[in-house]
Amino acid sequence: MSSGDLLSVAAGVVIVILVAFGVQWWGDYQPTDERGTGSQHPSIANQTDPALTTPAPVRAPSIFRISYVEKPVLKYKTYLIPDEMNLFGGSDPSWGPEDGVPFACLDATLGGVTETFYVPYQMWRMNCTVTSEKPASSYVKAALVDAGNNTVIKGFELNGPGHIIKNIQIMPRDYYLIIESQNALTHIEMETKPKFL
C-alpha cells in the first residue's frame with residue numbers, strides 16, 4: 001500500500017469524525033432568543049412526555065334495563081326457583097379496589113321471570129342490594145339461568161335487607177333471571193371489569 005493511499009484513508013477518517021462532531025454539536029445546540037433565554041429545537045418542542053399523557057377514558061356501555069316477561073310458563077322450561085338455593089352459598093369475593101362497570105340492571109318489588117338478555121363478557125358479576133320496609137318478613141331468592149339449556153348457573157337467597165355479589169366467569173351467552181320476592185325492593189346491577197369493555 002502506498003503512502004498516498006494511507007493519506008487518503010486518514011483524510012476520510014478525519015472527515016467522518018468532523019461530520020460526527022458537527023451533528024452532535026447541532027443536536028445539543030439551543031439558540032437564544034432576543035431575551036437571552038434558550039429555545040428548544042422545533043422537533044424536540046413538539047414531542048410529549050408519555051408519562052404526562054393521560055389515557056383516553058373507557059367508554060361505559062349504556063345500561064340495559066331488564067324487565068319481566070308476561071307468561072314465563074309458555075316461554076321457558078325453567079321458571080320456578082329451585083328448592084336447593086342454599087347450595088349457592090353466600091356472597092362471592094369482591095374484585096377489590098377495581099370498580100365494576102354496569103351494563104344491565106333490574107329493579108324489582110315482586111317476583112317473576114325476566115326476558116332473555118345477552119352478556120357479551122367472559123367475566124361479570126351480579127351486584128345485588130335488597131332493602132325493605134318490613135325487614136323481619138322480607139326475603140329474596142334469585143336464580144341465573146342459561147337460556148340455551150335452561151340450567152341454573154348461579155343463585156342467591158337473602159332473608160331481610162342486605163347486599164350480595166355473585167361472580168360469573170363463563171363464555172358470552174343468553175341468560176334470564178327467576179326472582180322470588182316478598183316485602184323487598186331488589187336492585188341487581190350486572191357489572192364487568194373495565195378491561196373487558
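This is a predicted model: local features need pLDDT of at least 70, side-chain atom pairs count only at pLDDT 80 or more; totals for chains, interfaces and linings use all residues.

User: Why is Arg125 called buried?

Analyst: A residue is buried when its relative accessible area is under 20%. Arg125 has a relative accessible area of 7%, so it is called buried. Arg125 belongs to strand E5, which covers residues 124-131, and the residues it touches, leaving aside those up to four places away in sequence, include Trp95, Ile165, Ile168 and Met190. Across the protein chain, buried residues account for 30% of the 197 residues.

User: What makes the pair Arg125 and Glu191 a salt bridge?

Analyst: The rule asks for a side-chain nitrogen of Lys or Arg within 4 Å of a carboxyl oxygen of Asp or Glu. For Arg125 and Glu191 the distance from N to O is 2.7 Å, and therefore the pair meets the rule. The two partners come from distant parts of the chain, with Arg125 in strand E5 and Glu191 in strand E10 (residues 185-192), 66 residues apart. Glu191, at 5% relative accessibility, also counts as buried.

User: How do you know that Lys154 is partly exposed while Asp92 is buried?

Analyst: Lys154 has a relative accessible area of 22% and so is partly exposed, whereas Asp92 stands at 18%, which is under 20%, and so counts as buried. These residues form a salt bridge with each other, in which the closest N and O atoms are 3.2 Å apart. Because Lys154 lies in strand E7 (residues 151-159) and Asp92 in the loop between helix H3 (72-75) and strand E2 (101-108), the pair ties together parts that are 62 residues apart in sequence.

User: How many salt bridges are counted, and what makes Asp146 and Arg173 one of them?

Analyst: The count is four salt bridges. In the pair Asp146 and Arg173 the closest N and O atoms are 2.8 Å apart, which lies within 4 Å, so the pair qualifies. Asp146 sits in strand E6 (residues 139-146) and Arg173 in strand E9 (residues 173-182), so the bridge ties together parts 27 residues apart in sequence. Asp146 is buried at 5%, but Arg173, with 27%, is partly exposed.

User: Why are E1 and E8 said to stand at the edges of their sheet?

Analyst: Five strands form an open sheet in the order E1-E2-E10-E5-E8, with mixed pairing. Strand E1 (64-65) and strand E8 (162-168) each have a single partner strand, so one side of each is left without a neighbour in the sheet.

User: What makes E5 and E8 a pair of strands?

Analyst: Pairing needs at least two bridges between the strands, and seven bridges join E5 to E8, so they pair. These two strands run antiparallel, and Cys128 stands opposite Ile164 in E8.

Note on methods:
Residues are numbered from 1 along each chain as its sequence is written. Side-chain values use heavy atoms; hydrogens and water are left out. Buried means under 20% relative accessible area, exposed over 50%, partly exposed in between (1.4 Å probe, protein chains only). Helices (H or I, at least four residues) and strands (E, at least two) are DSSP runs, numbered from the N terminus. Contact means heavy atoms within 4.5 Å.
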